[in-house]
Amino acid sequence: MNIVLELVKVLFAFVLVMGIVPLLIWLERKISAWIQGRVGPNRVGPFGLLQPLADVVKLLFKEDIVPTNADKGMYFFAPLLAMVAPVILFAFIPFGPDIVLADYTFKLQVCDFGVSILFFMAVLSTAVFAVAFGGWASNNKYSLLGGIRAASQLVSYELILSGSFLYILLKWNTLSFRELIEKQAAYGWTIVSDFPFSLLFFILFFIAALAENKRAPFDLPEAEPELVGGYHTEYSSMKFAMFFMGEYIAITVMCFCMSVMFLGGYHFPGVVDVSGNFLNALLGLAVILAKVFILIFIYMWIRWTLPRFRYDILMRLSWHYLLPLTVILILVKALI
Amino acid sequence: MSLNEILLNIIFYALALTGLFSSFMVATSTNMVRTAFSLLGVLFSFAGLYGLLRADFLFAAQILVYVGGILVLIIFAIMLTHKIANVNLSNESTSSSTVIAVVCILFAVLVFIALTLPEYIKINQRNKPLTEMIGNNLLSDSLLPFEILSVLLLACLIGAVYLARKEVKE
């Protein structure tokens with residue numbers, strides 16, 4: 001019985017992820033069209049909603065080209081890693097309050113470690129391998145440059161992410177996402193309860209998350225005017241689709257993480273009790289999804305508004321400004 | 001054996017085999033990047049083994065420090081060398097008979113230790129995260145060694161910066 005329930009949870013999280021990705025691709029196209037004064041996809045299905053499905057069919061039937069001199073093993077492995085790592089992260093996200101059945105508490109979270117934030121950080125830090133190995137294995141100078149750029153960019157901005165995680169530890173004294181939400185429900189969301197620090201850290205985390213997800217204005221690893229397609233230049237068909245999906249999954253999980261860390265997760269004053277029944281759990285899921293979609297909208301808004309950074313500016317931003325700021329803020333917070 | 005134990009056994013052997021195979025690849029592969037790639041498999045499977053022992057902190061720290069830190073640095077170092085554009089980037093040193101002999105002796109010592117250990121490594125039975133305990137311990141009972149280690153690391157960092165710095169001649 002227990003194993004079946006656990007499997008149901010895993011399946012639920014997986015289906016949720018796989019359902020969100022096509023929606024995001026559609027949203028991205030619609031929002032970019034809206035910002036640029038175009039119509040966007042509108043032929044396939046109502047409002048072009050079936051466009052991602054058509055894309056998938058197209059990608060499935062495309063020829064899968066493997067460069068002759070590519071390093072075969074790594075060339076095949078890199079897209080897998082790009083997709084698997086962010087999907088694993090979903091195991092730590094609490095989607096809603098517990099459902100109390102007759103004699104069983106059903107947690108809307110795949111695995112509730114006491115130290116999920118630590119695991120989250122750990123798995124997050126493996127994101128760089130897919131890009132670095134994929135870029136190298138393609139045996140293409142553009143891919144390689146994209147891979148190197150990605151490696152240094154991700155390493156630089158990861159420090160800021162870790163700094164923000166440290167701040168959350170200092171503030172709430174817990175390493176568990178679930179406890180984090182419960183504490184925020186009791187004492188107010190992080191972003192309002194500790195005003196100047198929390199807002200600064202939220203902004204820092206958001207910028208670092210943009211860079212970590214290789215999103216514009218930090219999408220240097222795949223800057224198309226300079227690098228063709230960056231690390232995925234040589235990838236076609238479903239392998240390219242896996243990189244693409246991995247990117248959107250990573251964005252989604254990052255937004256989930258931000259909403260849990262700073263915006264109270266599935267808690268909303270007046271709407272959702274932290275402990276509760278089935279209806280409450282559904283409401284909690286709706287609340288966290290709403291928060292996530294607002295964050296994702298900001299992601300896309302930024303992407304279609306700001307131009308791409310120059311590479312040296314990107315690096316200087318991280319090492320000269322953001323990282324010292326993070327360290328100083330943590331020191332001040334620890335001393336107070 | 002219950003279903004749980006069977007599952008744990010399957011996971012253990014899968015992880016152990018992956019670890020062995022990847023370590024073998026690390027040792028024999030002549031291509032630098034492929035070596036780093038195999039090292040990823042080694043580190044991940046060992047992290048998984050820590051997880052099976054329910055050593056949650058070691059599990060996370062293994063991935064965080066070794067995979068996310070040291071391996072990234074290794075890849076960084078490889079990628080910033082000037083020969084990186086060459087796919088057949090290789091380290092010329094291959095295993096000689098001396099190396100194999102040393103490895104065999106080391107292996108024998110390890111087997112000896114493993115066989116003579118009084119009991120197996122205890123699995124964390126408390127089913128409670130160890131991270132909090134480790135943290136408390138580090139800042140109370142083992143504070144002195146912890147501080148000495150951190151000073152040592154700081155000295156290493158300063159030394160590394162000093163060595164890497166370009167000498168400015170007046």
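Reader: Hi! Which helix gives the largest share of the lining of the largest cavity?
Author: Hi there! That is helix 11 of chain A, which supplies six residues of the lining. Keep in mind as we go that this is a predicted model.

Reader: Got it. And which helices each supply at least two residues of that lining?
Author: In chain A, helix 3 (72–89), helix 4 (116–124), helix 5 (127–137) and helix 11 (237–261) each supply at least two.

Reader: How many residues line the largest cavity, and which lie nearest its centre?
Author: The lining has 21 residues. Nearest the centre are Ala82(A), Pro86(A), Ala127(A), Lys214(A) and Ala250(A).

Reader: What classes of residue are in that lining?
Author: There are 15 nonpolar residues, along with three polar and three charged ones.

Reader: New topic: strands. How do strand 1 and strand 2 of chain A run, and how many bridges join them?
Author: Strand 1 (residues 96–100) and strand 2 of chain A run antiparallel, and three bridges join them.

Reader: Which residue in strand 2 is the bridge partner of Ile99(A)?
Author: The partner is Phe106(A). Phe106(A) also belongs to the covered face of strand 2 (residues 105–108), together with Leu108(A). On the uncovered face you will find Thr105(A) and Lys107(A).

Reader: Why does Thr174(A) count as buried?
Author: Because its relative accessible area is 6%, and buried means under 20%.

Reader: What does its side chain make a polar contact with? I mean Thr174(A).
Author: With the side chain of Glu179(A), at 3.2 Å. Setting aside neighbours within four places in sequence, Thr174(A) is in contact with several residues, including Ile117(A), Leu180(A) and Lys183(A).

Reader: Last one: how many helices and strands does chain B have?
Author: Chain B has six helices and zero strands, giving the pattern α-α-α-α-α-α along the sequence.

Reader: And what share of chain B counts as buried?
Author: Of its 170 residues, 21% count as buried. Looking at contacts in chain B with a separation of 6 or more, 60% are between residues 24 or more positions apart.

Definitions and conventions. Residues numbered from 1 in each chain as written. Chains lettered and ligands numbered in written order. Predicted model: local features only at pLDDT ≥ 70, side-chain atom pairs only at ≥ 80, totals over all residues. Heavy atoms only, no water. 1 Å grid on protein atoms, 1.4 Å probe; cavity = no way out; pocket = protein on both sides within 12 Å on 5 of 7 lines; lining within 4 Å. Helix = DSSP H or I, 4+ residues; strand = E, 2+ residues; numbered from the N terminus. Nonpolar A, V, L, I, M, F, W, Y, C, P; charged D, E, K, R; others polar. Buried < 20%, exposed > 50% of the residue type's maximum accessible area, 1.4 Å probe, protein only. Pairing = 2+ DSSP bridges. Polar contact = N/O pair within 3.5 Å; in protein donor to acceptor, adjacent residues only side chain to side chain. Contact = heavy atoms within 4.5 Å.
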